[in-house]
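Here are some notes to read alongside the model, written for someone meeting it for the first time. Please keep the view open and follow the points in order.

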Amino acid sequence: MKRLFESVSFDRRVIFWDYLIRIENNFKGYYHWHQCCEILFVHEGRGRVVVNRQTYDIRRGMLFFFQPFQLHQVYADVSPAAPYCRTIFYVDPLIMDKLLRPFPNRHALFTSLWQGKDFAQVYDLLHQADIMEWIFTTYNQTFQSGIGEDDEELTFLFFQLMSCLLSKGGGEAAPHPTEPLDTRTQRYSEYMMQWIEEHFHEEINLDILGDLMHLSSSYISKLFIQETGSSITNYVTARRIKQACRLLDTTTLSVEQIGENIGYPNSSYFIQVFKKEVGMTPLQFRKQKV
């Protein structure tokens, strides 16, 4: 079962590497986050990625950098004639931070990707897609040979990756916000996610949301699914549980207080939802974090 919080078990490994995976059917998007950094590169496919309350198109050459505990969702429209093909890998940012320190420009960019705020870590690398694929293919050969987790090989992989991103940004020495992918107007779902961000701790009323957008509640529900691949209810649940995990990790508030703070005044129901989505009770999550 897919969980909102998916802990990546490195088991003494430095990188969790998943190269050139091809999916032709039964791919359903879901909201989740990890305790580590996740890098996704799209070789082929179409669909949507939701991150930072914005939606982005999946297409060849897109690279997404998801920060630790950053809520995101990937949804792809797949078929044998139109597969979704991607390379995805997870790394511990503390390790890469140490390895990239001798290279100030690339280290600064990695730090901005890992810890930056208020911008999406999304790059359109269509014109560099062949180079990116060569980088990943070369590293995969190294990984398959058994030396992919050596400091030198990992450093070289990220050195090349950061170089491509710096080139995309114009080669500046300092870290820079990712440029917008286009100048399109906001999608309806993005307005909805912004509203939910301000009201997720309250009782969510789709009629109010519909009135604000001058649309019926049933129509905005359909629009949200069309634009993100998931329902408003699933998004609200994901956002609430994400906040619950943060409060469990950073405060001494009781489970009952946390439930009330995120929109679940019934503590029994809150515990039930949390366990279903995270795979453990709130108290188990808090003890695990400790």
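1. Gly29 sits in the loop between strand 1 (15–23) and strand 2 (31–32); helices (H or I, at least four residues) and strands (E, at least two) are DSSP runs, numbered from the N terminus. At 17% relative accessibility, Gly29 counts as buried; buried means under 20% relative accessible area, exposed over 50%, and partly exposed in between (1.4 Å probe, protein chains only). Leaving aside neighbours within four places in sequence, Gly29 is in contact with Gln73, Val74 and Tyr75, where contact means heavy atoms within 4.5 Å. Asn52 is 23 residues away from Gly29 along the chain, and their C-alpha atoms are separated by 16 Å.

2. A word on what you are looking at. This is a predicted model, in which local features need pLDDT of at least 70, side-chain atom pairs count only at pLDDT 80 or more, and totals for chains, interfaces and linings use all residues. Residues are numbered from 1 along each chain as its sequence is written, and side-chain values use heavy atoms, with hydrogens and water left out.

3. Phe69, in the loop between strand 6 (62–66) and strand 7 (72–76), has a phi near 65°, a positive value in a residue other than glycine. With 25% relative accessibility, Phe69 counts as partly exposed. His214 is not a glycine either, and its phi is positive at about 60°. You will find His214 in the loop between helix 6 (206–213) and helix 7, where its relative accessibility of 70% makes it exposed.

4. Now to Arg187, in the loop between helix 4 (151–168) and helix 5. Is Arg187 buried or exposed? Its relative accessibility is 18%, so Arg187 counts as buried. Apart from neighbours within four places in sequence, the contacts of Arg187 are Thr55, Tyr56, Asp57 and Glu227.

5. Next come the helix pairs. Two packed helices are described by the angle between their axes and the distance between the axes. Helix 5 (residues 188–199) packs against helix 7 (residues 217–228) at an angle of about 105°, with the axes 8 Å apart; axes are lines fitted to C-alpha atoms, for helices over the stretch in contact, and angles run from 0 to 180 degrees between N-to-C directions. Helix 5 is therefore roughly perpendicular to helix 7 (angles under 35 degrees count as roughly parallel, over 145 as roughly antiparallel, 65 to 115 as roughly perpendicular and the rest as oblique). Tyr188, Ser189, Met192 and Met193 of helix 5 meet Ile220, Leu223, Phe224, Glu227 and Thr228 of helix 7. By class, this contact of helix 5 with helix 7 has six nonpolar, two polar and one charged residues; Ala, Val, Leu, Ile, Met, Phe, Trp, Tyr, Cys and Pro count as nonpolar, Asp, Glu, Lys and Arg as charged, and the others, Gly among them, as polar.

6. Helix 7 has another partner to look at. The axes of helix 6 and helix 7 come within 8 Å and cross at roughly 85°, which means that helix 6 is roughly perpendicular to helix 7. On helix 6 the contact uses Leu206, Asp207, Leu209 and Gly210, and on helix 7 it uses Ser217, Ile220 and Ser221. These residues of helix 6 and helix 7 divide into three nonpolar, three polar and one charged.

7. Which residues of helix 10 are buried? They are Phe270, Val273, Phe274, Glu277 and Val278. They cover an arc of only 105° around the axis, so they lie on the same side of helix 10; the arc is that of the directions from the helix axis to the C-beta atoms. Ser268, Gln272 and Lys276 are exposed on the face of helix 10 turned away from its buried side.

8. Helix 8 (residues 232–250) is a neighbour to view together with helix 10: their axes come within 11 Å and cross at roughly 95°. Helix 8 is therefore roughly perpendicular to helix 10. The contact joins Thr237, Ile241, Ala244, Cys245 and Leu248 of helix 8 to Phe270, Val273, Phe274, Glu277 and Val278 of helix 10.

9. Finally, please turn to helix 2, where Pro104 lies. Pro104 is exposed, with a relative accessible area of 60%, whereas His107, Leu109, Phe110, Ser112, Leu113 and Trp114 of helix 2 are buried.
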